[in-house]
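Visitor: I would like to learn how to read sheets, helix packing and salt bridges in a model. Can we take them one by one?

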Amino acid sequence: MISLNKIEFVQNEEIKNLTTYKTKGCVLGAFYPKTEREFIYIYSFLKSGNQPFIVVGNGSNFLISDTAKIFVVSTKKLNNYIIIKNNKLYVSSSTMLSAVYSKTMNRNLSGFEALATIPATIGGAIKNNASAFNQTIFDNLEYIKVFDGKKSRKIYKDKIEYAYHKTNITNCIILSAKFNLKGENKYVLHTKFLNYQKTRLNKQPKKFSCGSIFQNPENQFAGELIEKCGLKGLTQNDAQISDIHANFIINNGNARFEDIIYLINLCKEKVFNKFKIKLEEEVEIIK
């Protein structure tokens, strides 16, 4: 029997423990379910009580305000599974992309060698239609299993609306997914992965961030537009528009939400004034 007091809960949990941005401040509290049943239970409890909450995996695409009055359901401690039958992959939503790549690569299966360079979970990657080096999470997806507050059900890929770094997956939690993968020699796969990883390490900053702040406008690169506005390297307290890649706003150690938001708004204003292009955030901002 599951009860609320048996699910791990940290009151006033620090945001730095929930996101890759590691910004200052706290949320109302964070739940850390360890099983799928606990995950469903706490989701149902919070939703039925109309409590303000978000579900966070690795937190690599979130910027959370230090004044946000919300609860967080973290999947960091959820039990994971990766099951491979022939070329079929069944995987829990809380599993990191890097772990999926390692398992599938060793089984000579292609589909995650580029995605493994993204520090995200399967669930977060699907919800945001993650992509890297022309490989997207939807390329080999067959279906996802979700819980909508009342029941668990499968949603096949052709029933999901998805576009560049966005989907219409709302009002539910992703529990697991099934992928159809293709055979490929593991040494070839690992060589590709190492090349992708090297490219990221050479072109992207290593300090705390959420990855790309803005989506790339059609036929443009957000980082180039920001750089052409003379903003590369600009700081606001401990937040900085990276001097390595201008589409990254990094935390140099003690950045707060308002510091990063200031730089986000500055980039949007300057790019629009100069190019008449409206930059759209890729990061999910929680106020």
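Guide: Start with the pairing rule: two strands pair if DSSP finds at least two bridges between them. Helices (H or I, at least four residues) and strands (E, at least two) are DSSP runs, numbered from the N terminus. This is a predicted model, where local features need pLDDT of at least 70, side-chain atom pairs count only at pLDDT 80 or more, and totals for chains, interfaces and linings use all residues. Residues are numbered from 1 along each chain as its sequence is written, and side-chain values use heavy atoms, with hydrogens and water left out.

Visitor: In what order do the 5 strands of the open sheet with antiparallel pairing stand?

Guide: Strands of a sheet pair through backbone hydrogen bonds, either parallel or antiparallel. Here the order is S6-S7-S15-S11-S12, and the pairing is antiparallel. At the edges are strand S6 (82–85) and strand S12 (152–156), each pairing on one side only. Neighbouring strands are turned by 20 degrees against each other on average, direction ignored. Angles run from 0 to 180 degrees between N-to-C directions, and axes are lines fitted to C-alpha atoms, for helices over the stretch in contact.

Visitor: How many bridges hold the pairing of S11 and S12?

Guide: The antiparallel pairing of S11 and S12 has 5 bridges. Phe-147 stands opposite Ser-152 in S12.

Visitor: What is the order of the open sheet of 4 strands?

Guide: That order is S1-S2-S5-S3, with mixed pairing. Strand S1 (8–11) and strand S3 (53–56) each have a single partner strand, so one side of each is left without a neighbour in the sheet. Here too, neighbouring strands are turned by 20 degrees against each other on average, direction ignored.

Visitor: Which strands does H1 lie across?

Guide: Contact means heavy atoms within 4.5 Å. H1 lies across S11, S12 and strand S15 (173–180), and runs at about 135 degrees to S15. Helix H2 (residues 97–106) lies across S6 and strand S7 (88–92), at about 30 degrees to S6.

Visitor: How do I read helix against helix?

Guide: Two packed helices are described by the angle between their axes and the distance between the axes. H2 and helix H4 (residues 186–203) pack at about 150 degrees, with their axes 9 Å apart. That makes H2 roughly antiparallel to H4. The classes are: under 35 degrees roughly parallel, over 145 roughly antiparallel, 65 to 115 roughly perpendicular, the rest oblique.

Visitor: Which residues of H2 and H4 make the contact?

Guide: H2 contributes Tyr-101, Met-105 and Asn-106, and H4 contributes Lys-186, Leu-189, His-190 and Phe-193. They divide into 4 nonpolar, 2 polar and 1 charged. Ala, Val, Leu, Ile, Met, Phe, Trp, Tyr, Cys and Pro count as nonpolar, Asp, Glu, Lys and Arg as charged, and the others, Gly among them, as polar.

Visitor: How many salt bridges does the structure hold?

Guide: Side chains of opposite charge can pair when their charged atoms come close. The cut-off: a side-chain nitrogen of Lys or Arg within 4 Å of a carboxyl oxygen of Asp or Glu. The structure holds 11 salt bridges. Glu-36 and Lys-145 form one at 3.7 Å, N to O. This pair links helix H1 (residues 36–48) to strand S11 (residues 141–147), 109 residues apart. Glu-36 is partly exposed at 28% relative accessible area, and Lys-145 is partly exposed at 29%.

Visitor: What does the salt bridge of Asp-66 with Arg-256 tie together?

Guide: The closest N and O atoms of Asp-66 and Arg-256 are 2.7 Å apart. Asp-66 lies in the loop between strand S4 (62–64) and strand S5 (71–74), and Arg-256 in the loop between strand S19 (249–251) and helix H6 (257–275), so the pair ties together parts 190 residues apart in sequence. Arg-256 is partly exposed, at 33%.

Visitor: Which residues are linked in a network of salt bridges?

Guide: Glu-8, Lys-34 and Lys-77 are linked in such a network.

Note on methods:
Buried < 20%, exposed > 50% of the residue type's maximum accessible area, 1.4 Å probe, protein only.
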